[in-house]
Amino acid sequence: MFKKVVVGISGGVDSAVAALFLKNKGFKVTGVFMKNWDIADETGVCQTQKDYEHAQWVCKKLEIPLVEVNFVKEYWNNVFSYLTEEYENGYTPNPDILCNKYIKFDEFFKFARKELQADAIATGHYVKTSFGPYLEHFKPDTNVRLLQGDDKVKEQTFFLSQISQEVLRYSMFPVGEYLKTNVKQIAHQAELDVIVHKKESMGICFVGKRNFQDFISQYIPSKPGYLIDLDNGKVVGEHKGFHLWTVGQRVKLGNFPVPYYIYQKDIQSNNIIVVQGCNHPALYSDFVVTNTPHWISSEPSEFNNFGKLFYCDFRFQHGDPLIPCIVHKNLKNQLVIQLSQPLRAITNGQFAILYKEGECLGSATITFCGPSYYSLKQEIKIKQEHDQECDLKEEMASTST
């Protein structure tokens, strides 16, 4: 039934091994390199061109054709414009989830099916589906379910939590049952060493090695305001715009014994409220409200009865452990989620991803967080060594958010 498969080739090891597996399975494989960004970084280098050269090398090595397709316009209109608007209004969107929703599993899918007459598409994502890695369990009248990949560190259902059922039904994920270390070993055995030793891309694709604050400032005008201490109401510094900061991020201010962190952005005053200490109780909340959710397979049956609660797991940052939660759907089709424990720096604009027994059910944009443990006058009991981990995690987030 599935003979011709078009695989997205990024120039990395995961998509290369996915293409290798497909060819070894006897599929007629065509590689497609998606060009989503075409502006060079501050060194004058466009990372897209380097990746394309690696993609060419991979396809030549595997003896499969490679097609380049330009989605720069679609990426700008559906992902980047939304990103800048959200940042300017004080929110923290996730461009990787949006890129998968609008580009890789929409524009790419339509291009592969219509222009290349593909029976299915494939990517190197570390996820699985109920239809199997090669759609060997495909059933025409059955919804497909998105399942977590076997590599629990690398697994990427988080980033695919907004894709449509229509596309997922015709998507193959050949590396979903493998660990990253195994994938690299397989690539080495296939003499794909050029990409085995290639540094893995992290963070937003179009930022590259640049500082995110410097990058985003090229597209959003500065709108200065004050940094105000939540506890005493005093001005402790100034900022140049909401887009440069996200909740939980450390602010480097001199002459203070304890570092400050972003707590809240006040749209009305254009000021940013800050708190001292990485684990200040104002940064923690165990309650969120979302907009209308996107269910990948189908809405949980528990919501058929108004007032009935749904028990599942929650995540809002990739790589974080799953947290048990209780979900209620209100009359506006919003999700009201009570977490089993407080989480740090949940932010409006991010996605609430829901899981149940290894299945990614779907996601929804967070529209309201709180109340914080500070407002509830509750303490946060965190181990002392967690402060250093918190700073490290925040530093990494600030370069890839």
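Mentor: Let us begin with a helix end: Asn94 caps the N-terminal end of helix 4, with a side-chain oxygen 3.1 Å from the backbone nitrogen of Asp96. A polar contact is a pair of N or O atoms within 3.5 Å; within protein, one must be able to donate a hydrogen and the other to accept it, and residues adjacent in sequence count only if both atoms are side-chain atoms. The model is predicted, so local features need pLDDT of at least 70 and side-chain atom pairs count only at pLDDT 80 or more, while totals for chains, interfaces and linings use all residues. Residues are numbered from 1 along each chain as its sequence is written, and side-chain values use heavy atoms, with hydrogens and water left out.

Trainee: What does helix 4 span between its end C-alpha atoms?

Mentor: Helices (H or I, at least four residues) and strands (E, at least two) are DSSP runs, numbered from the N terminus. The expected span of a helix is 1.5 Å times one less than its number of residues. For the 21 residues of helix 4 (residues 95–115), a straight helix would span 30 Å, but the end C-alpha atoms span only 26 Å. Helix 4 also has a kink of about 25°, centred on Lys101; the bend at a residue is the angle between axes fitted to the seven residues ending there and the seven starting there.

Trainee: Which residues of helix 4 are buried?

Mentor: An α-helix has 3.6 residues a turn, so residues three or four places apart point the same way. Buried means under 20% relative accessible area, exposed over 50%, and partly exposed in between (1.4 Å probe, protein chains only). The buried residues of helix 4 include Ile97, Leu98, Phe105, Phe108 and Phe109.

Trainee: In what order do the strands of the parallel sheet lie?

Mentor: Strands of a sheet pair through backbone hydrogen bonds, either parallel or antiparallel. Two strands pair if DSSP finds at least two bridges between them. Here 5 strands form an open sheet in the order 3-2-1-4-7. Its edge strands, strand 3 (66–70) and strand 7 (171–172), each pair on one side only. Strand 1 (residues 4–8) and strand 2 (residues 28–35) share 5 bridges, and Val6 has Thr30 as its bridge partner.

Trainee: Where does the mixed sheet have its edges, and why is one side of each edge strand left without a neighbour?

Mentor: That open sheet has 5 strands in the order 9-8-12-11-10. Strand 9 (235–239) and strand 10 (250–251) stand at the edges; each has a single partner strand, so one side of each lacks a neighbour in the sheet. Strand 10 runs antiparallel to strand 11 (residues 260–266), joined by 2 bridges.
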